[in-house]
Amino acid sequence: QYKKLINAKSTYKGSKLKTMSLSKVVAEIYFDIVNDSTLNLYVKEQKYDITVNGKFISKVTNESNIKIKSKETTTMPLLIDVSTSDFISVLGSNWQNILSGDKSKIVIGVKGTFFLKWGIISFKAMPFETTFTLKDVMDA
């Protein structure tokens, strides 16, 4: 069962831009996690690094209590809250891609771990990594 958890598949499902102001950008990103094991689990904590075109932009930690049912696909949200100035500084030369409408060249990466719990048993950090484009976010 543990091996099935380690190899759990996750895919980008969508996102929602919640706030974009002079001070911060807040978005909620959704991932589908496929639990092929027979265990009902809870995600207790998430820790991720967010990158834009390979450049670090922010570290995100979410405390959560998301139930991942056995033999099902569960949508897991990730709230990203970064300063607008950090976001803009990382974009740098990519502004031309945004202004020209080619948002597919702005690649957002999420890499980190989430922690699972089954009853009183806590599993070691589960690795997680995915990428998607600014176009994916804006079209959602």
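Asp-81 is partly exposed in this predicted model, with a relative accessible area of 42%. Its side chain pairs up with Lys-24 in a salt bridge, where the closest N and O atoms sit 4.0 Å apart. Lys-24 is likewise partly exposed, at 34% relative accessible area. Since Asp-81 belongs to strand E5 and Lys-24 to strand E2, the pair ties together parts of the chain that are 57 residues apart in sequence.

That bridge is one of three in the structure. Another joins Lys-59 and Asp-49, with 2.7 Å between the closest N and O atoms. Here Lys-59 sits in strand E4 and Asp-49 in strand E3, so distant parts of the chain are linked, 10 residues apart. Lys-59 counts as exposed because its relative accessibility is 58%, and the cut-off for that label is over 50%. Asp-49, at 28%, counts as partly exposed. Glu-45 and Lys-47 also meet through their side chains in a salt bridge, at 3.6 Å from N to O. Lys-47 is partly exposed, with a relative accessible area of 38%.

Lys-24 turns up again in the surroundings of Thr-84. This threonine is placed in helix H2, which covers residues 84-91. A polar atom of the Thr-84 side chain lies 2.9 Å from the backbone nitrogen of Lys-24. The Thr-84 side chain also reaches the backbone oxygen of Ser-21, at 2.7 Å. With neighbours within four places in sequence set aside, Thr-84 is in contact with Ser-21, Leu-22, Ser-23, Lys-24 and Val-25.

As for the overall layout, the protein chain has four helices and eight strands. Read along the sequence, these follow the pattern α-β-β-β-β-β-α-α-β-β-β-α. Of the contacts between residues at least 6 apart in sequence, 63% join residues at least 24 apart. Buried residues account for 39% of the 140 residues in the chain.

What about the inside? The largest nonpolar core holds 32 residues, and those touching the most other members are Tyr-48, Ile-50, Val-110, Phe-114 and Leu-116. Two or more core residues come from each of strands E2 (24-35), E3 (41-52), E4 (55-68), E5 (72-83), E6 (107-118) and E8 (126-133), and also from helices H2 and H4 (134-139). E3 supplies the largest share of this core, five residues. Leu-116 shows who its partners are: leaving out residues up to four places away in sequence, it touches Leu-41, Tyr-42, Val-43, Ile-68, Ile-121, Ser-122, Phe-123 and Met-126.

Now to strand E1 and the surface. Ser-15 is found in E1 and counts as buried, with a relative accessibility of 9%. Its side chain makes a polar contact with the side chain of Tyr-12, at 3.0 Å. Leu-17 is also found in E1, which spans residues 9-20, but this leucine counts as partly exposed, at 37% relative accessibility. Together with Met-20 and Met-138, Leu-17 forms a nonpolar patch on the surface, and the three have about 300 Å² of accessible area together. For the protein chain, the accessible surface comes to about 8,000 Å², and carbon and sulfur atoms make up 54% of it.

Notes:
Residues are numbered from 1 along each chain as its sequence is written. This is a predicted model: local features need pLDDT of at least 70, side-chain atom pairs count only at pLDDT 80 or more; totals for chains, interfaces and linings use all residues. Side-chain values use heavy atoms; hydrogens and water are left out. Patches are made of residues with over 30% relative accessible area and no salt bridge: like charges are joined within 9 Å, nonpolar side chains (Val, Leu, Ile, Met, Phe, Trp, Tyr) within 5 Å. Accessible areas come from the Shrake-Rupley method with a 1.4 Å probe; for residues, only the protein chains shown count as cover. Buried means under 20% relative accessible area, exposed over 50%, partly exposed in between (1.4 Å probe, protein chains only). A polar contact is a pair of N or O atoms within 3.5 Å; within protein, one must be able to donate a hydrogen and the other to accept it, and residues adjacent in sequence count only if both atoms are side-chain atoms. Contact means heavy atoms within 4.5 Å. A nonpolar core is a set of buried Ala, Val, Leu, Ile, Met, Phe, Trp, Tyr and Cys residues joined through side-chain atoms within 4.5 Å.
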